[in-house]
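Biologist: Hi! Could you walk me through this one?
Modeller: Happy to, here it comes.

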Amino acid sequence: MSDSSPQVAGSEALGGTGTATGGVPESQEEQVRRRRIESAGEAVLLGLVTAFFVYLGIDSLGWPLSAALIPRLAVLVGLPLVGYRLFVVMRRTVAPPTRMIMDTGFRSGDDPANEAKRFFWLIAYMALMSTGIVLFGFHTAVPLATAVFMYYFGKVGLFRSALLFVLLLSLVVLVYDVFISARWPQPLLFDPFNALFGEFVRSL
Amino acid sequence: MGEALVEAAGLLFAWGPILGFLVVLPVALLSGLIPGGGLPTAVVILGFAWTLDPLVAATMVVFSMAASDITEPVPSILLGIPGSRTAQATILDGYPLAQQGKAGLALGASYTCTLIGGLIGAAALLIALPMARHLLQYFGAAEFFLLALMGIFAVGVVSQGAMVKGLLTSTFGIGIATIGYTPVGNVVRADMGLTYLWEGINLTPIIVGLFALPELIDLVASDTRVSKKAGSTLLKESRSQVYEGMLLAIRKHKLLLLRSSLIGTFVGAMPGLGGSAGHWISYASAQATEKGAKETFGRGDIRGVIAADSANNSSDGGVLIPTVIFGIPGSPGMAILLAILIIGGTSPGPSMVTDKLPFTMALVLTLTIANIVVVPIMLFAAPFVLKLASIRPAVLAPPAIALVTLAAYSSNFRTADLLVAAGFMVLGIFMKAYGWPRPPILIAIVLTPILEQYMNIATNAYGWSMIQRPQFLIILGIMVVAFVYSAKMQRGAGSTQETRSEPVDVA
């Protein structure tokens, strides 16, 4: 790489604090702790995959051979691979570098606290939107949750949040209601949009 | 072929595809410029696939893929942050050039290489079609079964440093794909007592959860973005050098450009590798063969940019060859294209080079059009487009999340699909965090129904004597050789990646 460090130029160019790969070097203790957390997480993932394969294998005993062949082959190949992977995970002392052809890991920076905060804010937004969809329907929940998130987290201001609300609502109505005649589920509480504008939309 | 080409042009220059291109173009341009990954355009198109004409949906996906490939090197060169995984090799020499005040040279060379590479990839696809037509006469269900198997496991095998993970995710994907009712044996499989699973798990929520949402989460959490001022300043200063860079690529390094384009096309056509390996392999090849490259590559050698970006865009034509002709997608984008074709009732295979040849030709023309249209746009409008890319991820991502949520629901109008998307999002986050490749799952899910279909036809038609068919044995032999060769080439490219690619700390 060029001798002139990308750090300075990068910091001038970027408004955020993202790092393409790596960040502040970790202490030995932090590395061990991270390795343990990663191993535990991966073991949970492998456990779920094992449970799925076992279920698939047992359930396939009741199917005709023509329907059972491919699933059983998947189980026969998959279970030993899971076993091998569990063995590697439990044995390793250092988190190995990962190189993948077609996928990338999460970009880590030197501000993990704020990264975690942004991560949970986004999860909260998705949870809020999903809950809203179940309780009040898509027309209300999707534009409103997005606009509220943009106002509080995105800090875009009231006017732009309201504009986004209108744009998203218009998209849902024009594209999904009018163009593709979407079928919407009945909300658990009530559907404010349908109550107010349902007749108008149906007339379009 | 000539008539098919004319008919394809007639199909393409109709209101449907043209409107589709106009809708997709700004999104694709923006998507390629956002550091670290783009907007899930193909996923949203997949959500609408059942309502759109198959040609419109397929050409929109191909157009967005080709357009974003052209813009992806821009953040790599200007800011040292890849626009996507397929633009990582560009950083090695593109960013040092920008630091030396030669960003324009790199950009000009990049635009030229992506244009010519893309056209060569499209031409390769055009040449492959009549050859495929002759070849496919000898292929039966047994051979297509083998090709589908190769497609499923190829990605896993060539995931260097993650082969076991790749194979495991492929088999997991096969398991997921078998859930639900199958006409083979007339049985509902692995429904876990849930009526919802009788129809199987819908593909769109899986893609939304596994790919789109984790990428958007990464975008917001890392908050990596382009600085409006710095990006625009760099572009303005580099404008005069752009034309110099273009001429440099065409005149002085035309053989390298041509060779790299052919490497990208060839690698792209190899099942499982897709486009993300082509630029590394091309870069490694140029480093090994160009005069003095071992000392200068990685320090601002324009040949490094040419080698990477030519292969990056030419692979678009390459990956379409196995996808369209053999039904083997080489990348997640191609898996989505394949899913769109299947939803639209267009099965990949022999029909794509016989009665559906105009459809296939339309895809070739789409690639060509994308390259011809986007490069001039970037030449003149890059500063404006880059301003859009400087929008904060916290502002860009939520509307994108809203759109993919709607896409996940609208593919089948079942609320439970949102739960599926959420479940796969958790899985996708785990996999992304712990270095498990996600594309093998998607490719396995798309290909498993095809695999089973051909397996059953083959066993009914030939029984186990199918393994004595010469075509079967030849393909099996090619599979083994291709896997071994791919793995070796990946190791070579991987060692280049490891030695040259140092962490870029941009704090």
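Biologist: How many helices and strands does chain B have?
Modeller: Chain B has 21 helices and two strands. Helices here are DSSP runs of H or I with at least four residues, strands are runs of E with at least two, and both are numbered from the N terminus. This is a predicted model, in which local features need pLDDT of at least 70 and side-chain atom pairs count only at pLDDT 80 or more, while totals for chains, interfaces and linings use all residues. Residues are numbered from 1 along each chain as its sequence is written, and chains are lettered from A and ligands numbered from 1 in the order in which they are written.

Biologist: And how much of chain B is buried?
Modeller: 65% of its 507 residues count as buried. Buried means 20 or more other C-beta atoms within 10 Å of the residue's own, exposed means 12 or fewer, and partly exposed is in between, with C-beta atoms placed from the backbone.

Biologist: What share of the chain B contacts with a separation of 6 or more comes from residues 24 or more positions apart?
Modeller: That share is 79%. A contact needs C-beta atoms, placed from the backbone, within 7 Å of each other.

Biologist: Now the helix pair α10 and α18 in chain B: what is the angle between them?
Modeller: About 175°, with the axes 10 Å apart; α10 covers residues 203-222 and α18 covers 393-410. Axes are lines fitted to C-alpha atoms, for helices over the stretch in contact, and angles run from 0 to 180 degrees between N-to-C directions.

Biologist: Which residues have the most contacts inside the largest nonpolar core?
Modeller: Those are B:V61, B:A148, B:I207 and B:V404, in a core of 201 residues. Helix α7 of chain B (residues 103-136) gives the largest share of this core, 16 residues. Such a core is a set of buried Ala, Val, Leu, Ile, Met, Phe, Trp, Tyr and Cys residues joined through C-beta atoms within 7 Å. Leaving out residues up to four places away in sequence, B:V61 touches B:A42, B:I45, B:G333, B:I336, B:L337 and B:I340.

Biologist: Over to chain A. What are its domains?
Modeller: Domain 1 is 24-91 and domain 2 is 112-199, with bounds from an automatic or database domain assignment. Their centres, taken over C-alpha atoms, are 36 Å apart. Chain A has seven helices and zero strands, and 32% of its 204 residues count as buried.

Biologist: Is A:A68 buried or exposed?
Modeller: Buried, because 22 other C-beta atoms lie within 10 Å. A:A68 is in helix α3 (residues 65-91) of chain A.

Biologist: One last thing: what is the phi of A:S181?
Modeller: Positive, about 50°, although A:S181 is not a glycine. A:S181 is in the loop between α6 (158-179) and α7 (192-203) of chain A and counts as exposed, with 8 C-beta neighbours inside 10 Å.

Technical notes. Contact = placed C-beta atoms within 7 Å.
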